[in-house]
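The following exercises concern the chain shown below. Please work through each task before reading its solution.

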Amino acid sequence: MMSSASGAQALVARFGDVLLRRQAAIRRLQWAMVAIYAGLLTVPLLLPLPTHTDYVWNNAVRFAQFVFWGVWWPFIILATALVGRFWCGILCPEGALSEFASQRGAGRAIPGWMKWSGWPVVSFVSTTIYGQLTSIYQYPKPAALLLGGSSFAAIVIGARYGKAKRVWCRFLCPVNGIFGIVSKIAPLHFRVDPDGWRAGARQEGRSNAVNCAPLIPIKTMQGAAACHMCGRCSGYRGAIRLSWRNPASDIVHGSGRLATMWETVLIVPVLLGLVPAALHWSDSGLFQMIRLWLVERCLDLHLVWPLSLRLPWWILTDYPLENDVMTSVDAAALLVLLSVSVAAATIVFGIPLAACARIFRTRGPFSHHLAQALIPLAAACLFSGLLSLTVSQLRSDGVVIPYSDLFRGGLVLAAAAWSMVLVFRIGAHYNAHRVTRLCGTFIMALPITSFSIAWVAVFLS
Ligand code: SF4
């Protein structure tokens, strides 16, 4: 009789095969997503800005804001953590457009500059900062510019490089790095069996190759970080199956061991430094202090223009009729706050990580493998921070979700506990002594606990 574990494996493997067989239906679904996405971006541009009597359910602008920032963005992150990057492979309109353009495009070779592994950090950081400077969550014009611009770039890159590939998604998409990091804790992945691959190769010879749009060398694929879960390789050579896995396995034993500096940058200064500050700067007392200090310095120096200088909406928020204008001093204060947060996260987590690496005697003075232990905390921080947008938008319309703050707080604390367990487990790769591993875990527990308590306090304040 089949055990429940193997029954569950067989069930998800069958789902992978369904994806393979239903590629035409997936393509239709993607075009439906393109139409919805285009509608949500463009319709609000044609309408006046909402007033205080407009709600999510009776105003298209508010509705589009809520769908983009209150539902779409936070729940894609959650789904990626729970089931992997199905969003990218099955539903993402930008990926679909880029691949469509690539099918009919010039098919040029991918230039070397595009393969630089720092792009996921640069593109995510620059779009996050730009979005805050232009108030992307509040107004349709910056949302259309940033999201529409990104989609346009995806089409252009698709039309120039690769043949039926997603070159944009693989190398330049602003959220590719984040999705890759978050998907490492997903319990689902397409597992490659090297022995099965060799046996399948002998039996089949040169069978039809799979078109893996995000350009993954499938035979040597490790983990799920780069895989878009499109299902096209399901069952290939009898060696690839959609499978359940232990959610910690990729970090502890798999691709986590091959982690790079850029992944650590995404996890520590970006997800644990930049993101919390970018999501909560308007309520920050530190932001007000920095702003006041800058105003006083300007007045001391008899510089009045930075206090009143307004720039167009596509550079800084400029909606005087809404009483919402960001001056150059406000922008400077925001940039200082974000820099302080990035520096604080780097120091607060970087020093214990280096100390832990020394205790565990990892290769080199710093271990990027150890930094991967912070992924659950970073993912929970991102999801719970984005959920603030959902909660605050609904709250402003009089809809209160009970226990949402407690749920977010509990999630962050549970993720923090998981990160500490991961430090202990990763330590086993470097030092077999339980006491030494406990010492390292205790060192990492200090920043993890302090950060979690500070972040939870933001929700509950
Ligand atoms: S490895 Fe490539 S083809 Fe296979 S599911 Fe992932 S993205 Fe699709």
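**Exercise 1.** In which sense do β1 and strand β2 pair, and over how many bridges?

*Solution.* The model is predicted. Begin by locating the two elements: β1 spans residues 188-192, and β2 spans residues 240-244. The two strands pair in the antiparallel sense, over 5 bridges. Within this pairing, R191 stands opposite R241 of β2. Finally, consider the burial of β1: 4 of its 5 residues are buried, so the strand is mostly covered under the criterion of less than 20% relative accessible area.

**Exercise 2.** Determine whether T362 is buried or exposed, and identify its contacts.

*Solution.* Next, apply the cut-off: buried means under 20% relative accessible area. T362 has a relative accessible area of 9%, and it is therefore buried. Lastly, leaving out residues up to four places away in sequence, T362 touches A357, S367 and Y430.

**Exercise 3.** Which residues touch the most other members of the largest nonpolar core?

*Solution.* The largest nonpolar core holds 101 residues, and the members with the most such neighbours are W69, W72 and L374. Its residues come from two domains, with at least three from each of domain 1 (2-46 + 84-174) and domain 2 (258-460). Take W69 as a case: beyond its neighbours within four places in sequence, W69 contacts P74, I136, Y137, A143, L147, L386, L389 and Q393. A second, separate core has 20 residues, among them V12, C233, Y236 and A239.

Definitions and conventions
Residues are numbered from 1 along each chain as its sequence is written. This is a predicted model: local features need pLDDT of at least 70, side-chain atom pairs count only at pLDDT 80 or more; totals for chains, interfaces and linings use all residues. Side-chain values use heavy atoms; hydrogens and water are left out. A nonpolar core is a set of buried Ala, Val, Leu, Ile, Met, Phe, Trp, Tyr and Cys residues joined through side-chain atoms within 4.5 Å. Buried means under 20% relative accessible area, exposed over 50%, partly exposed in between (1.4 Å probe, protein chains only). Domain bounds come from an automatic or database domain assignment. Contact means heavy atoms within 4.5 Å. Two strands pair if DSSP finds at least two bridges between them.
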